[in-house]
Amino acid sequence: MTTFANILALLLAAAALYGMQHSTPSYSEILSPVAVPAAQGKPAQTERFVFGVAKVHLAGQLVAPQFGEPRTYTTSGKWLVVEAAAKAQDRSVSLTSAAWRGPSGLRFAMSTRIGSTLGLLGSERLEPGIPRPVLLVFELPEDQIEGGTLLVAETAVTPLSEQVEIAMDSVPPENRYESLTLARGGRIMPWSLEFHQ
Amino acid sequence: MGRFVNGCESGVAMDEQRRSYRQRLIALAAASIGSLAASAISYGAAIYRAANPEPLRAAVPGETVDTGRWHVTIAGARVSDSPPSGRRPPEPQTFLLVDFEAGNRSASTAYLPAKLLTFAGLEAKLASPNFYLTRDKAFGPSLHPGMPERLTAVWEWPAGEMPPRELKLLIGSQVYKKRDNLYGASNWFDRDPVAIVSLTVTQEAARARQ
Amino acid sequence: MSVPASSRERKSYWISLVSLLAAVPLAVLVGSRGEFAAWLQRRMEPPLTVEHDGSGQGAGGSWRLISLRRLPGTLPDTSLMLAEIDLSVEAADVLQQALPCALSLTDGAGRRWDPLPLPGRLLREADPEVADRPQCTTLTIGEAGDAPLRVVELFLVPRQADGFTLSLALTGSPPILLK
């Protein structure tokens with residue numbers, strides 16, 4: 001009887017160890033940013049900043065200025081242009097990290113091909129009490145647009161900073177264009193959009 | 001806590017001690033079989049892998065090579081006196097360009113590793129290549145998963161020499177470790193080259209100077 | 001050994017456990033070689049408050065708020081706050097250790113603004129006289145002699161923000177609040 005009890009105890013211990021080993025979160029999961037879920041259309045509040053998506057556009061081709069001259073940018077997928085606004089809560093803050101998480105979990109960083117003179121996220125520091133428009137530009141494969149999530153955080157490298165996760169609605173047909181032109185704006189609104197359907 | 005009365009009793013006690021020593025030794029051996037076996041197997045496997053490395057696969061231009069994180073298809077190599085951005089350097093320089101297509105197979109946007117393309121035998125001579133996106137000649141692009149792109153890798157050739165006609169290009173690989181050895185964090189790590197491509201270097205047609 | 005522990009053993013067990021309450025803090029104190037005590041002391045020091053028209057000593061220098069002016073802001077419904085601080089060098093080496101200083105503006109509601117990073121162009125438009133004064137990040141002591149150095153910083157704040165205090169942070173000394 002005691003042999004049986006010993007074997008049973010051994011098996012139980014092995015099962016417990018196996019369970020613990022496979023349910024321990026990995027280092028990357030432990031040090032991941034704190035998620036603040038939000039829906040599109042309402043501003044998402046974190047301790048350090050407030051972020052809200054205003055409009056989303058989808059285009060097959062993008063025209064943006066480079067060294068003063070407009071330049072056509074093509075892609076094998078689609079261009080997703082997000083017009084948003086952000087404001088700091090209590091301290092000056094710089095938002096530098098934005099990513100798109102597709103429905104299958106793929107993560108897309110902001111496109112680096114467009115220059116930052118258009119008020120792209122990270123080009124301007126946010127001050128408390130002063131909301132500013134921010135522009136985000138992504139290059140995405142067609143099947144990763146529907147049901148995606150926009151992730152915006154202060155920084156991608158500091159663990160445990162808050163990250164806003166906005167579940168994005170599908171882009172309405174009137175916001176889908178063949179070609180989208182971005183031009184430099186003024187101080188108040190750093191960019192201007194023109195569409196060609 | 002008895003006391004040993006005479007030698008006879010102490011003899012028996014010594015026997016008991018020796019038996020218990022042997023028992024303990026046997027118990028120790030039985031308990032350590034697991035860890036000994038694990039060390040032996042891992043050492044043996046490492047030595048075996050080092051003694052029988054995977055042979056380099058010979059690939060041809062146009063063939064897609066799976067390097068773990070990237071799917072690389074080499075198109076061709078050429079020599080030019082200006083980089084793909086079109087801006088000629090002030091002093092005349094020779095550039096070796098390799099056109100290829102790369103697809104990101106990982107789950108997030110990434111930059112091409114410097115060791116993706118190296119030339120066999122020329123590691124000491126050439127610096128790391130610069131990558132240009134063929135689409136708009138952008139420098140140092142990041143590739144998004146699911147969106148393969150055509151790129152050009154550019155090496156600066158030492159002044160005064162001409163690159164040889166035949167070159168062997170090594171395509172490096174990257175493996176994904178869910179837990180690395182230092183922090184237990186997930187990351188991609190460079191590994192040995194997996195394929196070798198023999199390239200014929202073509203001369204770019206001479207451009208008319210202004 | 002399931003022999004019941006004697007009362008002497010039980011007593012010494014409890015005495016050891018209770019003395020842990022004293023031994024662990026003592027170990028931390030001794031192990032930090034006085035740093036812990038110094039940190040506690042610094043935490044309990046109140047920040048130095050300097051009223052308007054007064055000057056405060058800190059980190060080898062004497063600091064004085066000259067002016068905190070409100071100017072029309074570059075964005076709608078905002079103001080630019082221009083702060084001018086005078087610094088008289090008393091102990092140059094101590095001051096050198098404490099630099100670079102960091103100035104921040106706090107309003108009555110507790111919000112805090114960092115200075116604008118490159119205010120050169122805005123300063124020239126707002127007040128050309130102070131345009132070539134250094135900021136905290138570009139301040140060098142050098143051979144200033146006896147004349148006080150003037151530091152100028154610009155902040156972008158909402159127009160309704162009010163009740164400002166300037167907070168000057170220096171390495172290794174408590175912050176100086178300038179009202």
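T106(C) stands opposite R112(C), a residue of strand β6(C). The model that contains this pair of residues is predicted.

**Sheet of chain C**
- Strand β5 of chain C, covering residues 102-106, pairs with β6(C) in the antiparallel sense over 2 bridges.
- Strands of a sheet pair through backbone hydrogen bonds, in either a parallel or an antiparallel sense.

**Contacts between chains**
- There are 2 pairs of chains that touch, and the most contacts are between chains A and B.
- Chain A also touches chain C, with 9 residues from chain A and 13 residues from chain C taking part in the contact.
- On the chain A side of that contact, the residues divide by class into 3 nonpolar, 2 polar and 4 charged.
- Chain B and chain C are joined by no contact, and their closest C-alpha atoms lie 11 Å apart.

**Helix α1 of chain A**
- Helix α1(A) spans residues 2-23, a run of 22 residues.
- From its first C-alpha to its last, α1(A) reaches 31 Å, close to the 32 Å expected at 1.5 Å a residue.
- The number of buried residues among the 22 of α1(A) is 0, so the helix lies largely in the open.

Notes:
Residues are numbered from 1 along each chain as its sequence is written. Chains are lettered from A and ligands numbered from 1 in the order in which they are written. This is a predicted model: local features need pLDDT of at least 70, side-chain atom pairs count only at pLDDT 80 or more; totals for chains, interfaces and linings use all residues. Two residues are in contact if their C-beta atoms, placed from the backbone, lie within 7 Å. Ala, Val, Leu, Ile, Met, Phe, Trp, Tyr, Cys and Pro count as nonpolar, Asp, Glu, Lys and Arg as charged, and the others, Gly among them, as polar. Two strands pair if DSSP finds at least two bridges between them. Helices (H or I, at least four residues) and strands (E, at least two) are DSSP runs, numbered from the N terminus. The expected span of a helix is 1.5 Å times one less than its number of residues. A residue is buried if 20 or more other C-beta atoms lie within 10 Å of its own, exposed if 12 or fewer, and partly exposed in between; C-beta atoms are placed from the backbone.
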